[in-house]
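I opened this model to look up its overall build, its salt bridges and its surface charge. My notes are below, in the order I took them.

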Amino acid sequence: MVYQQITEYLKRLLSSNIEESFLIISPKGNGDVYAQFLPLSREELYCETVSNEFLPEKLQLNSQKISQLKKLGFELGEEDVNFHRDFEVKNDAAIEELSKLVLKIFVEIYGVAVPDFDFEYEE
């Protein structure tokens, strides 16, 4: 399953060089939609999802989709360019739940139908 792929990359990210590592996930063939992760510690990840500032007009999020992201704990302040949230991931179960949430966001918020993703990973 796709969430298992995401889980493996997130585990690698948490065990990598924290200061230089990142992970960007985007649907194959659609780099306009993405989620990116930075490790804050061995048990915490910073996550960004793309906002309307960077989405082409045809992919812009309506107010309902933005509200859904905010209900999931994501913020978009006046000076922020993307939605963001920190996640505590102290064990494998938490990492798996985050992976499922990321997949849910791609499908339900951004309307991604293809369950195939590109991963850009740097350690």
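These entries go from the whole fold to single residues.

**Entry 1: overall build**

I noted at the start that this is a predicted model. I looked up the secondary structure and found three helices and five strands. Along the sequence they follow the pattern α-β-β-β-α-β-α-β. I then checked the radius of gyration, which is 14 Å, close to the 14 Å that the globule rule gives for 123 residues, so the protein is as compact as a globular protein of that length. Along the principal axes, the C-alpha atoms fill a box of roughly 35 × 30 × 25 Å. I also looked up burial: buried residues make up 39% of the 123 residues.

**Entry 2: salt bridges at K11**

How many salt bridges does the protein have? The count comes to four. I took E8 and K11 to begin with; their side chains meet in a salt bridge at 4.0 Å, N to O. That value sits at the cut-off, which asks for a nitrogen within 4 Å of a carboxyl oxygen. E8 and K11 are three residues apart in helix α1, residues 2-14, so about one helical turn separates them. E8 is partly exposed, with a relative accessible area of 46%. K11 is also counted as partly exposed, at 25% relative accessibility.

Next I looked at D92, whose side chain meets that of K11 in a salt bridge at 3.7 Å, N to O. This pair links distant parts of the chain, with D92 in helix α3 (residues 92-109) and K11 in helix α1, 81 residues apart. D92 counts as partly exposed at 45% relative accessibility. I therefore wrote down E8, K11 and D92 as one entry, because they are linked in a network of salt bridges.

**Entry 3: the D118 and K28 pair**

Which residue forms a salt bridge with K28? I found D118, with the closest N and O atoms 2.7 Å apart. D118 lies in strand β5 and K28 in the loop between β1 (22-27) and β2 (35-41), so the pair ties together parts that are 90 residues apart in sequence. I looked up the accessibility of both partners. D118 counts as partly exposed at 32%, and K28 is partly exposed with a relative accessible area of 41%.

**Entry 4: negative charge on the surface**

Which residues gather in a patch of negative charge on the surface? I listed E19, E20, E120, E122 and E123. I followed up one of them, E122, which lies in strand β5, residues 117-122. E122 is partly exposed, with a relative accessible area of 40%.

**Entry 5: G77**

Where is G77 found? I located G77 in the loop between α2 (63-71) and β4 (83-88). G77 is partly exposed, with a relative accessible area of 33%. I also looked up its separation from N62: G77 and N62 are 15 residues apart in sequence and 17 Å apart in space, C-alpha to C-alpha.

Key:
Residues numbered from 1 in each chain as written. Predicted model: local features only at pLDDT ≥ 70, side-chain atom pairs only at ≥ 80, totals over all residues. Heavy atoms only, no water. Patch = residues over 30% accessible without salt bridge, like charges linked within 9 Å, V, L, I, M, F, W, Y side chains within 5 Å. Areas by Shrake-Rupley, 256 points an atom, 1.4 Å probe, with all protein chains shown as cover. Lys, Arg positive; Asp, Glu negative; His and termini not counted. Charge placed at Lys NZ, Arg CZ, Asp CG, Glu CD. Helix = DSSP H or I, 4+ residues; strand = E, 2+ residues; numbered from the N terminus. Buried < 20%, exposed > 50% of the residue type's maximum accessible area, 1.4 Å probe, protein only. Rg over C-alpha atoms; globule rule 2.2 N^0.38 Å.
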